[in-house]
Amino acid sequence: MNSPQNNISKTKPTHRRVSSRLERVAADSVSFLPDGGKVAVGAVIVGILAGIATSMLKRMINWTYDLLTIPLNPHSLNWHLLIYPVVGTLLALAFQRLVKQNLAYGTMRLKQRLADNDYFFKKSLMWNPMIGCWLTVGFGGSAGAEGPGAYSGGAIGSCIGRWFGLTPDAVRILVGCGAGAGIAGIFKAPIGGALFTLEVLKMPMNTLAVMCLIVSCLCSFATSYMINDFTWDVNFTALVPFEAHHLLWYGLLGVFCGIYSIYYNHSRNFMAKKVNEISNVWIKCIVSGLGLSVVIFFLPALFGEGYSVMKQMINDIDNALFLYSPFYPEMGKKCWTIGIFAAILLVKGMAVAATNNGGGVAGEFAPTLFAGSLAGYLFATLMNLIFDAGLPEGTFALIGMAGVMTGTVGAPLMSIFISTECSASYGFLLGFMLTAGISFIVVTSYASLTSHRNAAPIHLH
């Protein structure tokens, strides 16, 4: 006769038995394929799953945003904004403590794991980063969803590789495919997703691996695009053709974006350092969350990812900067518009650092696109006021996205294609390339100059 203890031991691991059975089925289903074929099939499956996962994450964030903005008045200040971000940060931190996983800075963790040859992710990492990101960004955290999307995508690739019984090197390829597919699904940018794996994660890949990466990113993009009703997050709808005579101005915009990127990086790193000096994680969370809430209360355009603001900027509409804010009565006044632009650009990097270092789970790429759209719009507005240049502000907001993303992330190819693909503005590729290239030169030149100064010998007299 079985004892109660034996009955418990038999029933307790039921989910494990189901999981192992699924793994055996997965391994058996591709057992007839060579290793290269298994990787190719795995890349397709990883891409589809990453596309579904990132689409669900975006829908959850948008649904939460819509729910929280119901009680808000778009024409005046809103005290609710002093509560949402700090509540979201606390929930995200509590979730991380509950699952006993640090989910912040997904891209950095991916790079570290790849450097350590650690390709075997826990299954829970397929969804935990996304839950943490939903709580953070959905409640107003001023950051993006791409870091958690890439981290979860990498975990999906790891698990599929293990279920297929692949070698560690083959699992590594699927981890890279999943990470790129996560970016492709978030931004609807398949080439940008592939370049994320190659340029940011710096994964060495042979021809087969690169082809699998591209296929995985295409599958993720197609899945995300279909689930989201064949729409773009920041669709460029202005009927403005590419003007070759604006190339000089695009070059100057590159210089402007490069200089701003240097400030953005310094302000973000400064805030991250200050937040991390607080030893108690709960106090750190409350302090950074309250600081973020105060900033968003005065500048609601910083709430969440900011795709709606970006969409208006690139289509030459600046109302979104004043909605839900105490400055709504000043909308339409040029001096106030310039002041709001400048204020948001000054604090954006610090808001991202407070979100990510205070207990939140989010990404750092979307905020640079947001800052770039504002930087480009501000540049064109100032040039029109000072020189009567007649520049289309929306187009320069579009091009500025690649300039600031390049300057802050340091990945020009990925930045160019993400900016182009997520806005469906392929006709402006030359402008993206020029602005991003010059911004990259400005930032790298500054970095080289400062490192040279720091390394210079000190002469004592």
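1. Buried means under 20% relative accessible area. R113 has 16% relative accessibility, so R113 counts as buried. Keep in mind that this is a predicted model.

2. R113 pairs with D118. Their side chains meet in a salt bridge, at 3.1 Å from N to O.

3. Side chains of opposite charge can pair when their charged atoms come close. The count of salt bridges here comes to six. One of them joins K333 and E330, with the closest N and O atoms 2.7 Å apart. K333 is partly exposed, at 40% relative accessibility.

4. Now look at K58 and E305. Their side chains form a salt bridge of 3.4 Å, N to O. This pair links distant parts of the chain, 247 residues apart. K58 sits in helix 3, while E305 lies in the loop between helix 12 and helix 13. Both K58 and E305 are buried. They also belong to a network of salt bridges with K188 and D233.

5. E305 leads on to M310. M310 touches E305, and its other contacts beyond four places in sequence include V234, A366 and F370. M310 is placed in helix 13, residues 307-314. Its relative accessible area is 0%, so M310 is buried.

6. Turn to the surface. A nonpolar patch there has about 600 Å² of accessible area together. Its members include V41, I45, M56 and V215. Helix 3, residues 35-69, gives the largest share, eight residues. V215 is found in helix 10, residues 207-227. V215 is partly exposed, with a relative accessible area of 33%.

Terms used:
Residues numbered from 1 in each chain as written. Predicted model: local features only at pLDDT ≥ 70, side-chain atom pairs only at ≥ 80, totals over all residues. Heavy atoms only, no water. Helix = DSSP H or I, 4+ residues; strand = E, 2+ residues; numbered from the N terminus. Buried < 20%, exposed > 50% of the residue type's maximum accessible area, 1.4 Å probe, protein only. Contact = heavy atoms within 4.5 Å. Patch = residues over 30% accessible without salt bridge, like charges linked within 9 Å, V, L, I, M, F, W, Y side chains within 5 Å. Areas by Shrake-Rupley, 256 points an atom, 1.4 Å probe, with all protein chains shown as cover. Salt bridge = Lys/Arg side-chain N within 4 Å of Asp/Glu carboxyl O.
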